[in-house]
Amino acid sequence: MPLQLSREELLDAAREFGTPLYVYHAERIKEQYQKLASAFSILDTDIFYACKALTNVNVLRYIRETGCNVDCSSVNEVKLALHAGFAPSQVLYTSNGIAFSEIEEAADAGVHINIDSLSNLEQFGKKYGHSYPVGIRIRPNIMAGGNLKISTGHDTSKFGIPVNQLQQIEETVRQNNLFIRTLHIHTGSDIKDADVFVQGIEVLFELIPHFPELEVIDLGGGFKVPYEPGEEEINVTQLAQKIKETFDNHPVAGGKKFRLWFEPGKFLVSECGYMLAEVTVLKDTGAIEFAAVNSGLNHLIRPMMYDAYHHIENISNPGGKKKLYTVTGNICETDTFASNRELNEIREGDILAFFNAGAYGFEMASNYNSRFKPAEVMIRDGRAQLIRQRDTFDDLLRKQVL
Ligand code: LLP
């Protein structure tokens with residue numbers, strides 16, 4: 001039974017810190033990390049937390065304590081990771097569409113780098129030649145992931161160097177004497193089917209013989225976690241078995257063993273997080289009963305951006321009679337969290353908990369409508385600690401030239 005915060009703990013946090021509020025459960029992150037690490041202990045594996053999901057430095061520090069490494073998608077994330085105490089050798093930077101100067105900054109910091117364009121690869125080769133081992137992000141032309149917006153490996157995706165451009169990659173590597181240590185793919189998010197990873201590995205098998213100095217196969221992230229009741233997370237034990245068999249049954253590069261890298265975001269932090277909001281207005285239109293909360297797509301954009309389902313509970317009236325509600329925010333455009341959802345009777349002032357808010361929740365929040373970003377709290381060993389203050393009016397003016 002996965003660890004969950006109790007209703008009382010969530011209500012206490014709402015009372016102490018106010019709403020809207022993000023609450024993270026530290027031990028739940030550790031549980032997910034250990035599940036993954038133990039499943040993949042049958043292979044030489046390193047796990048890098050894809051911190052774009054949630055970058056609060058207190059969370060980063062906690063994740064470092066669990067023994068996990070960190071994957072970054074911008075040089076600022078690299079700086080946050082170093083700030084949180086990760087050693088450069090524990091930090092991976094997988095870039096996309098960036099100016100070469102950002103890669104230089106990452107190289108100055110001494111972190112692992114995956115490059116995703118021929119242009120960046122050539123510039124990297126000219127500057128560092130063989131002296132800095134580097135990874136190449138390959139676009140395997142595989143369609144995977146929960147929806148098109150979060151699919152990244154298909155044949156019209158902007159990510160990675162298309163696998164069919166192998167000849168150009170080889171020329172760039174040869175001309176610049178590059179040390180290619182890693183081949184990387186990341187095909188998408190919300191992947192439940194282990195075969196997607198196997199398909200990806202099979203694409204990489206074709207490439208491996210072309211890179212004799214290869215040491216690492218990086219299969220990215222994308223492991224599915226349950227969002228809706230009854231959904232299951234990807235079975236990581238079976239996944240590890242399948243991946244092991246795929247490697248064992250293929251005589252790649254004369255039986256050479258590779259280290260495997262993964263970059264999970266959602267798997268580690270989605271379920272640890274809850275967004276708590278207070279019901280401000282009930283509006284019965286006859287056809288629909290709306291419950292508006294003191295939050296919106298400015299705080300949790302996933303329902304509007306991806307039609308994502310987030311489980312909702314009325315934690316302040318758990319015994320209330322079930323009724324259908326359309327839960328919205330207070331933003332001046334349509335910001336529906338859930339339509340016709342069965343919830344325990346809602347009264348104005350009740351506290352709703354939005355589940356799976358750890359990954360891409362606060363991280364994608366904004367100040368749209370000049371509203372404040374929520375505070376963040378981490379509960380560890382049963383103790384709630386404020387890890388980000390709620391915005392104040394000064395924050396809205398801070399960078400404006402007055
Ligand atoms: N590695 C790379 C190179 C990535 O681009 C991503 C996510 C990950 C790892 C981690 O994927 P995860 O394990 O979290 O699925 N905002 C969207 C998800 C976008 C993911 C972008 N890349 C959402 O809320 O569903």
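1. Buried area here is the accessible area, taken with a 1.4 Å probe, that two parts lose on being put together, summed over both. Between domain 1 and domain 2 this area is about 1900 Å², and carbon and sulfur atoms give 50% of it. In domain 1, Asn 56, Asn 58 and Tyr 227 lose the most area to domain 2, together 27% of what that side buries.

2. The model is predicted: local features need pLDDT of at least 70, side-chain atom pairs count only at pLDDT 80 or more, and totals for chains, interfaces and linings use all residues. Residues are numbered from 1 along each chain as its sequence is written, and side-chain values use heavy atoms, with hydrogens and water left out.

3. The domain assignment of the protein places domain 1 at 26–269 and domain 2 at 273–390; such bounds come from an automatic or database domain assignment. The C-alpha centres of the two domains lie 32 Å apart. Domain 1 brings 22 residues to the contact and domain 2 brings 20 residues, where contact means heavy atoms within 4.5 Å.

4. Across the interface of domain 1 and domain 2 there is 1 salt bridge, the term being used for a side-chain nitrogen of Lys or Arg within 4 Å of a carboxyl oxygen of Asp or Glu. The side chains of Glu 65 and Arg 380 form a salt bridge, at 2.7 Å from N to O.

5. The interface of domain 1 and domain 2 also has 9 residue pairs in polar contact, both residues at pLDDT 80 or more. A polar contact is a pair of N or O atoms within 3.5 Å; within protein, one must be able to donate a hydrogen and the other to accept it, and residues adjacent in sequence count only if both atoms are side-chain atoms. On the side of domain 1 that touches domain 2, helix H2 (26–39), helix H3 (57–66) and helix H10 (266–269) each give two or more residues. H3 gives the most, with 4 residues. Helices (H or I, at least four residues) and strands (E, at least two) are DSSP runs, numbered from the N terminus.

6. Around the ligand are 18 residues, of which Ser 189, Glu 263, Lys 266, Arg 302 and Tyr 360 come nearest; a residue is near if one of its heavy atoms lies within 4 Å. A polar side-chain atom of Lys 266 is 2.7 Å from a ligand oxygen atom. For a side-chain N or O atom of Arg 302 the distance to a ligand oxygen atom is 2.6 Å. Gly 222 has a backbone N or O atom 2.8 Å from an oxygen atom of the ligand.
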